[in-house]
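User: Could you walk me through one part of this structure up close, with enough of the whole chain around it to keep my bearings?

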Amino acid sequence: MTEILDKVYDPQRIEAKWYEYWEGQGFFHAKADGAKPGYCIVIPPPNVTGVLHMGHALNNTLQDILVRFKRMDGFDALWMPGTDHAGIATQNVVERQLAAEGKDRHALGREAFIKRVWEWKASSGGHIITQLKRLGCSCDWSRERFTLDEGLSRAVREVFVRLYEEGLIYKGDYIINWCPRCQTALADLEVEHEPTDGHLYHIKYPLAEGEGSVTVATTRPETLLGDTAVAVNPTDKRYKKYHGATLSLPVLGRPIPVITDAYVALEFGTGALKITPAHDLNDFEVARRHDLPAIKVIDEAGLMTAAAGKYQGMDRFACRAQILKDLKADGLLVKMEPYTVPVGHCYRCKTVVEPLISKQWFVAVKTLAAEAVAAVEDGRTRLIPANWDKSYYDWMSNIRDWCISRQIWWGHRIPAWTCAKCGRAIVSREDPAACPDCGGVDLVQETDVLDTWFSSALWPFSTLGWPTETPELKLFYPTSVLITAFDILFFWVARMMMMGIHFMGEVPFREVYIHALVRDPEGQKMSKSKGNVIDPLELMDKYGTDAFRFSLAAFAAMGRDVRLSEERIAGYRNFANKVWNACRFTFMNLEGFDPEPPAGGADLDPDEKLTTVEAWIMSRLQQVIRETRKSLDTYAFDQAANTLYQFVWHEFCDWYLEFIKPQLYDKEAAATRRQCQSVLLKVLSAVLRLLHPFTPFMTEEIWQQLPGAQGSIMVAPYPQPEPQFDHPEAEAEMNLVMATINAIRNIRGEMNVPPGTQVEVFLHCLENAPIQTLNRHRQSIQILGRVRDLHFNATTGPPAAAAKAVVDKVDIFMPLAGIIDFTEEAKRLDRELEKLGKEVSQAQRKMSNEDFLAKAPPEVVAKEQAKLQAQTDKLNKLKTHRERIKELMG
């Protein structure tokens with residue numbers, strides 16, 4: 001026999017070859033000519049600074065599975081790729097390079113610095129694109145976009161100007177999140193709050209005149225220097241007598257009023273709240289209601305200002321330490337108690353964020369958000385799983401105006417100018433040459449750039465050519481689905497909804513599938529500090545990309561985090577090897593077989609008389625096709641992968657190929673053998689096409705050797721169910737046959753019958769039909785069960801010293817006298833029972849130890865519990881087996 005496939009599947013040898021072939025043949029390219037229905041996914045653009053991590057790997061594997069499926073299923077499928085300019089992150093990378101050279105961006109100047117960033121992008125940026133190709137992503141790279149490219153920059157500018165003209169973009173003083181390290185404003189979503197051990201400080205504010213004081217509780221005593229009032233709840237009887245009183249601000253002695261506001265929580269601290277409008281969002285809102293001044297005591301560098309008096313120039317945290325000493329010396333520090341504080345950190349550099357009042361650019365989002373909420377409520381866009389709806393609604397209903405200006409250089413510079421002569425503000429689609437009011441030519445452009453998420457919010461329509469009406473925009477918008485992680489649901493998804501509806505009059509995507517996180521085997525979030533980060537590139541090198549992709553899909557259960565381990569990926573590498581070896585066997589037994597069209601297998605005439613085995617495998621194939629298609633259409637990736645795994649490994653490989661070996665080996669019965677080959681080829685062709693979206697490289701390598709196959713499997717039709725091959729009666733018959741063989745195998749295993757020993761089996765049933773069925777499959781039962789003699793309803797009755805099993809209504813007896821030594825087997829079992837019993841007792845004592853349960857990490861406790869359960873199950877099986885041996889011994 002000629003070996004068409006290598007003995008061992010070598011992913012390293014074939015992956016690069018086939019990716020280059022697919023790309024070179026233009027199979028990733030969407031024609032956008034309207035000849036086929038459109039299907040479009042826009043990639044969540046990774047940062048240009050990024051490298052492939054597990055989150056990327058999961059997200060892009062799921063997208064590629066869908067795109068490959070739809071492409072094969074007759075759609076003009078566009079997977080729009082691109083990268084994000086990642087303003088703060090990219091600027092930080094280049095600033096670190098400059099620092100290593102003893103330079104900084106200010107010395108370099110804005111234009112030279114931006115040129116330097118573009119040079120960095122050309123040489124080092126976009127490395128992740130190469131890694132996505134390594135993963136097998138079938139993006140239309142001919143349409144690759146970058147959020148700072150010319151077309152997207154035009155779209156960004158058009159959106160900014162339109163929103164400004166509509167009064168939805170404005171510039172104003174507002175409390176913002178400020179990063180002293182990055183020297184820029186941050187949106188609320190760019191602030192990461194971490195529970196931090198701190199203190200609640202109780203401080204006395206004396207009355208300006210007379211005796212008495214009001215005690216407030218604060219976590220930030222350094223900000224009291226900017227206090228302009230103390231607020232109490234108007235219903236709080238404790239402070240009734242202080243309404244309208246004047247207090248003396250500790251340390252500085254500045255007079256401040258006591259005001260009443262329903263915002264104050266009676267149960268927090270002392271019920272009296274210090275109001276620092278310049279350094280707390282809620283205090284800022286209270287101050288606006290009461291017309292209080294805002295005093296800025298911390299500057300953009302995190303240092304105390306002149307308004308802080310003698311603390312001017314001190315670092316904010318050093319000031320805290322000093323002011324506590326001074327309060328204590330003045331007898332104003334009543335007490336300090338431990339308190340967990342949710343401290344905000346910059347999402348990029350992890351510096352503690354400072355709330356500051358600043359003049360920034362904002363988008364008024366209330367009306368935009370209302371439209372985006374309505375689109376989900378009325379079903380124009382579906383969030384999957386639906387349990388994300390509530391989070392989406394809650395966030396949108398409490399949304400604040402979006403601060404879109406950033407005090408950095410890398411990004412979309414805000415298209416706004418101020419006339420130096422008359423002060424006119426100009427926002428324009430084109431760079432203005434002169435002031436439209438006074439004709440002055442000394443125009444100063446805004447130095448801030450737009451938040452990176454502003455350009456990302458336009459991604460679904462800007463990448464398709466907007467504001468130009470393009471064929472792509474007409475065919476592919478709204479896009480079909482967005483695949484994303486939950487952590488950017490508000491950062492990105494909500495904003496795309498708002499912008500898409502506002503500028504396109506239609507939602508940006510019909511469905512949003514929100515996948516979970518990839519965690520380590522114990523369910524812990526991966527992080528460098530924990531040392532549990534798994535590198536996807538290393539796993540692809542070690543196990544092959546197909547095994548890695550299949551693993552991710554198989555674990556991607558809706559709404560449940562993925563627990564990934566190398567052992568599980570190794571298991572799916574075994575699956576890939578199983579498929580490979582099954583194909584090698586098939587090809588060796590198709591030698592000389594010349595199939596008729598269509599490609600990938602001879603057509604089967606439904607009226608042709610199929611054997612029961614052939615009818616069974618064809619019937620099961622139809623059900624698998626239905627289940628796989630339904631799972632992919634509903635984003636049940638794990639169910640699709642597991643359906644294919646079970647069918648291919650257990651039904652196709654373990655049963656079907658074994659059943660048909662006698663027909664394949666019998667070259668004398670040419671007609672029977674040819675039909676067997678034809679069915680085998682048709683099933684294998686369908687299996688490869690079903691698997692292709694999950695395991696693209698291996699299936700392409702095999703497809704190219706498949707008799708009758710033409711072109712690439714990428715463009716072969718995805719299997720459709722053929723109802724004429726549904727044979728439920730054949731499935732029922734083969735289920736009985738397989739169950740009988742399994743029962744025989746189980747008896748052999750449980751009774752330690754040597755593998756090479758041929759046994760005698762008696763089948764008894766009061767009904768004739770099951771016996772007739774099994775008799776028709778006598779040969780398969782004997783071969784696969786290693787049965788020497790098979791008896792049906794023997795007149796002698798059940799044999800003595802026989803192990804028994806029951807399948808449906810059939811009693812199965814296997815005489816064991818002379819095959820195993822019952823006495824020795826009993827002794828062996830007694831020894832094993834004693835040993836395992838001690839292990840179980842020890843494990844039970846451990847699980848009853850309250851000290852262990854209280855101190856051990858939850859994942860360790862769960863592991864020990866699972867171990868005990870497995871030991872207990874094994875012990876029970878051994879006891880059952882011991883009882884059966886006792887019965888056989890008489």
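What percentage of the 890 residues of the chain count as buried?

Analyst: Happy to! Please keep in mind that this is a predicted model. Of the chain's 890 residues, 54% count as buried. The chain has 28 helices and 29 strands, and its C-alpha atoms fill a box of roughly 115 × 70 × 55 Å along the principal axes. Among contacts between residues at least 6 apart in sequence, 77% join residues at least 24 apart.

Now to your helix. α6 runs over residues 127-134, and its buried residues are I128, I129, Q131 and L132. These four cover an arc of only 160° around the axis, so they sit on the same side of α6. After α6 comes G136, with a positive phi near 95°.

A86 lies in the loop between β3 and α3 (87-100). A86 is not a glycine, yet its phi is positive, at about 50°. With a relative accessibility of 4%, under the 20% cut-off, A86 counts as buried.

For comparison, R786 is found in the loop between α25 (778-785) and β27 (787-792). R786 also has a positive phi, about 55°, without being a glycine. Its relative accessibility is 40%, so R786 counts as partly exposed.

While we are on backbone geometry, there are cis peptide bonds to look at too. One goes from W466 to P467, with omega near 15°, and P467 lies in the loop between α13 (459-462) and α14 (471-476). Another joins Y477 and P478, with omega about 0°; P478 lies in the loop between α14 and β22 (479-485).

Finally, a word on confidence. The chain averages a pLDDT of 92, and 98% of the residues score at least 70. Over residues 598-602, however, the pLDDT is below 50, although this stretch has 24 contacts in the model beyond near neighbours in sequence. Where pLDDT is low, the predicted coordinates should not be read in detail.

Notes: Residues are numbered from 1 along each chain as its sequence is written. This is a predicted model: local features need pLDDT of at least 70, side-chain atom pairs count only at pLDDT 80 or more; totals for chains, interfaces and linings use all residues. Side-chain values use heavy atoms; hydrogens and water are left out. Buried means under 20% relative accessible area, exposed over 50%, partly exposed in between (1.4 Å probe, protein chains only). Helices (H or I, at least four residues) and strands (E, at least two) are DSSP runs, numbered from the N terminus. The arc is that of the directions from the helix axis to the C-beta atoms. pLDDT is the predictor's confidence in each residue, from 0 to 100. Contact means heavy atoms within 4.5 Å.
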